[in-house]
Amino acid sequence: MTDSVAETKLGKRERLIEAAVRVFYHQGVEKTTIADIARAAEVPVGNVYYYFKTKDQLIEAAIGSHARILDAVIAASDQCETPAERLKALIAGWVADREQTVRYGCPFGTLSSELDKRGDGLDTAAAEVMRVLVDWAERQFAAMGRADAGELAIAYVAAYQGISLLTNTFRDPELMVTEGARLSRWIDSLKS
C-alpha cells in the first residue's frame, strides 16, 4: 500500500470519527444514523462499513476521541505551575465553550448520560473517561495538601456537569460564567 492510499484511509476514518463525535453531540446517539455520520464526514455510506461495521463501533471510536481530547486538555492545564492554577485553567476552558454548552450541554456528559441508559458496556467505557477527569482533579487537590481530595474532585466535576445542564436547560451562557468564577474562588479558598 502506498503512503497516499494509507493517508486517504486514515483521513476518511478520522473524518468519520470526528463527524460521529459532532453528530452524536448535536443529535444524540439514538437519533443519529450511520447515514447522518457519513453525510457529515462527506464519505459515501457504503464506505463507513469498511472502517466501522456497526454504529456501536462508531460510538466506541467517539468515546476514544473524547478520551484523547481530555488528555490534551489535561496536558495543557498541566503546563500551569500550581495545582490551583491547573484546576482554574480547566474551568476557563469550560467557560470559553459556554455557547456550545447552551445549545447541546457538556459534550462528554451528555454522551455519558445517554449511553448509561443503554447498559450495553459502552456506558462503562464512557465512565472510564470520566474517571480520568475525576482522578486528575483528585491529584490536583491532593497536591494542594487536601486530605479530602477525592471528595473535592467529585464536587469539582459535579459542579461543572451541573452547571452544564443548567446552562443548556435555561439557554443562559452567563450561568457558566458565574459558576466558573465561583469555582475559582472556591479553589482559592481551599489552598493550605
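Predicted model: local features only at pLDDT ≥ 70, side-chain atom pairs only at ≥ 80, totals over all residues.
Residues are numbered from 1 along each chain as its sequence is written, and side-chain values use heavy atoms, with hydrogens and water left out.

**View 1. Helix α9 (149-170) and its buried face.** Helices are DSSP runs (H or I, at least four residues), numbered from the N terminus. The 22 residues of α9 should span 32 Å at 1.5 Å a residue, and its end C-alpha atoms are 31 Å apart, which agrees. The expected span is 1.5 Å times one less than the number of residues. Buried residues (under 20% relative accessible area, 1.4 Å probe, protein chains only) of α9 include Ala149, Leu152, Tyr156, Tyr160 and Ile163. Seen down the axis of α9, its buried residues fall within an arc of 155°, so they line one face of the helix. The arc is that of the directions from the helix axis to the C-beta atoms. On the other side, Glu151, Leu165 and Phe170 are exposed (over 50% relative accessible area).

**View 2. What packs on α9 and α7.** Cover for the buried residues of α9 includes α5, α6, α7, α8 and α10 (173-190). In α7, Phe108, Gly109, Leu111, Ser112, Glu114 and Leu115 are buried. The buried residues of α7 pack against α4, α8 and α9, where contact means heavy atoms within 4.5 Å.

**View 3. The largest pocket.** About 630 Å³ of space lies here. Of its 25 lining residues, Ile69, Val73, Asp97, Pro107 and Tyr160 are the closest to its centre. On a 1 Å grid over the protein atoms alone, a pocket is an open set of points where a 1.4 Å probe fits, with protein on both sides within 12 Å along at least five of seven lines; lining residues have an atom within 4 Å of a point. α4 gives the most to the lining, with 6 residues. The lining divides into 16 nonpolar, 7 polar and 2 charged residues.

**View 4. The largest cavity.** Its volume is about 30 Å³. A cavity is a set of grid points where the probe fits but cannot get out. Among its lining residues are Trp94, Tyr160, Ile163, Met176 and Glu179. α10 gives the most to this lining, with 4 residues.

Key:
Points joined across faces, edges and corners; volume = space filled by probe spheres on them. Helix = DSSP H or I, 4+ residues; strand = E, 2+ residues; numbered from the N terminus. Nonpolar A, V, L, I, M, F, W, Y, C, P; charged D, E, K, R; others polar.
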